[in-house]
Amino acid sequence: MARKTGAQYEESIRALNMKVYMFGERIEKPLDHPILRPSFNSVKATYEFADSKSKDLFVANSPFIDGEVNRFNHIHESTDDLVKKVTMQRFMGQKTV
C-alpha cells in the first residue's frame with residue numbers, strides 16, 4: 001500500500017465517523033472545529049511534507065510492511081529514527097500554526 005497524501009489522510013479520518021466530545025458537548029464535525037482543526041492540520045502536513053524535499057524527515061521504512069510509512073506511524077528501531085522524529089517535530093513546529 002502506498003503512503004497516503006494529506007487529502008487521503010483527511011478523507012480517511014472523516015470516514016471514521018468518530019464520536020468526539022469536548023467540554024461535555026458532542027462535536028459533530030471534529031475536523032472542522034476551530035479548536036481541533038490546527039492539530040489536525042499539523043498531522044495532515046506530515047503527509048504533505050513527505051512528498052517534499054524534506055521527505056527524509058517524514059518518511060521511514062517499515063519492516064512490518066516492507067515499505068514506506070509516515071514517520072509518526074513508524075516504530076523506532078534506532079537512535080537515528082528518534083533523532084529524525086525529533087527533528088521532524090521541530091520542523092513542524094516552525095512550519096505550522
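In this predicted model, K44 is buried, and E10 is buried as well. The side chains of these two residues meet in a salt bridge, with N and O 2.7 Å apart. Because K44 belongs to helix α2 and E10 to helix α1, the pair ties together parts that lie 34 residues apart in sequence.

E10 also forms a salt bridge with R37, whose closest N and O atoms are 3.3 Å apart. This pair links distant parts of the chain: E10 sits in helix α1 (residues 6-14) and R37 in helix α2 (residues 37-49), 27 residues apart. Both E10 and R37 are buried. A network of salt bridges links E10, R14, D32, R37 and K44.

Another salt bridge joins K55 and E68, with 3.2 Å between the closest N and O atoms. K55 lies in helix α3 (residues 55-58) and E68 in strand β4 (residues 67-70), so this pair ties together parts that are 13 residues apart in sequence. K55 is partly exposed because its relative accessible area, 32%, falls between the limits of 20% and 50%. E68 likewise counts as partly exposed, at 31% relative accessibility.

| Salt bridge | N to O distance |
|---|---|
| K44 and E10 | 2.7 Å |
| E10 and R37 | 3.3 Å |
| K55 and E68 | 3.2 Å |

Definitions and conventions:
Residues are numbered from 1 along each chain as its sequence is written. This is a predicted model: local features need pLDDT of at least 70, side-chain atom pairs count only at pLDDT 80 or more; totals for chains, interfaces and linings use all residues. Side-chain values use heavy atoms; hydrogens and water are left out. A salt bridge is a side-chain nitrogen of Lys or Arg within 4 Å of a carboxyl oxygen of Asp or Glu. Helices (H or I, at least four residues) and strands (E, at least two) are DSSP runs, numbered from the N terminus. Buried means under 20% relative accessible area, exposed over 50%, partly exposed in between (1.4 Å probe, protein chains only).
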